[in-house]
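Reader: Before I use these coordinates, could you take me through the sheets, the helix packing and the core, with the reasoning set out for each point?

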Amino acid sequence: MFGGGGMNPRKMKQMMKQMGIDVTELEAEEVIIRTADEELVFTGAQVTRMDAQGQETYQIVGDPESRPRGEGGSPSAVESGDDAVVDVEGEAAGAEIPDSDIQIVAQRAGVGKDEAREALEAENGDLAAAIARLE
């Protein structure tokens, strides 16, 4: 992870905790990454969530199976743990705005989720521009 080359794992965890980094292993059955052309499906992958100063980062280790997009069924809103990805303006637009982005904009700008979603749509998903638009 940090290239600790032979460093004791216990010492590495202790150092990370001191730096305010929390690492959690997730029991994921399947992870799907959708791109414009394909889906990468990780079955039985090792998933690690790292929380550093409120910023969550996910690491996926495993061998993905590649398949053409839409072969596994593509609903307009996909649940992924805590976040939902919302398809904006139907299938034609192709832009997806994560629910977490909507929550961030709503909280930072002090507006409702509908207003935050509209601002994100108008700014093509750019968080900073959407917040600036609402302030």
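The questions and answers below concern a predicted model.

Reader: Which residue of β4 stands opposite V23?
Author: The pairing to consider is that of β1 with β4, residues 46-52, which runs in the antiparallel sense over 6 bridges. Within that pairing, the residue of β4 that stands opposite V23 is M50.

Reader: For the open sheet with the order β2-β3-β6, what does the twist average from one strand to the next?
Author: The 3 strands of this sheet are again paired antiparallel. Both β2 (30-34) and β6 (65-68) have a single partner strand, so each of them is left with one side that has no neighbour in the sheet. From one strand to the next, the twist averages 25°.

Reader: In β3, what is the bridge partner of I32?
Author: β2 pairs with β3, residues 38-43, in the antiparallel sense, and the pairing extends over 5 bridges. In β3, the bridge partner of I32 is V41.

Reader: At roughly what angle do the axes of α3 and α5 cross?
Author: Two packed helices are described by the distance between their axes together with the angle between them. For α3 and α5 the axes come within 9 Å, and the crossing is right-handed. The angle at which these axes cross is roughly 35°.

Reader: How many charged residues does the contact of α3 with α5 have?
Author: On the α3 side the contact is made by D101, V105, R108 and A109, and on the α5 side by L127, A130, I131 and L134. By class, 6 of these residues are nonpolar and none is polar. The number of charged residues in the contact is 2.

Reader: Which element gives the largest share of the largest nonpolar core?
Author: The core has 11 residues, namely I97, I102, V105, A106, A109, V111, A116, A119, L120, A130 and I131. Two or more of its residues come from each of α3 (99-109), α4 (113-122) and α5 (127-134). The buried residues of α3 include I102, V105, A106 and A109, and the largest share of the core, 4 residues, comes from α3.

Reader: Is A130 buried or exposed?
Author: A130 lies in helix α5, and, leaving out residues up to four places away in sequence, it touches V105, A119, L120 and E123. Since burial requires a relative accessible area under 20% and the value for A130 is 0%, A130 counts as buried.

Reader: Is N124 buried or exposed?
Author: N124 lies in the loop between α4 and α5, and its phi is near 55°, a positive value in a residue other than glycine. A residue counts as exposed when its relative accessible area is over 50%. Because the relative accessibility of N124 is 74%, N124 counts as exposed.

Reader: Which residue with a positive phi follows α3?
Author: The helix in question spans residues 99-109. The phi of the residue that follows α3 is near 70°, and that residue is G110.

Terms used. Residues numbered from 1 in each chain as written. Predicted model: local features only at pLDDT ≥ 70, side-chain atom pairs only at ≥ 80, totals over all residues. Heavy atoms only, no water. Core = buried A, V, L, I, M, F, W, Y, C linked by side-chain atoms within 4.5 Å. Buried < 20%, exposed > 50% of the residue type's maximum accessible area, 1.4 Å probe, protein only. Pairing = 2+ DSSP bridges. Axes fitted to C-alpha atoms, helices over the stretch in contact; angles between N-to-C directions. Left-handed = near helix turned anticlockwise from the far one by under 90°. Contact = heavy atoms within 4.5 Å. Nonpolar A, V, L, I, M, F, W, Y, C, P; charged D, E, K, R; others polar.
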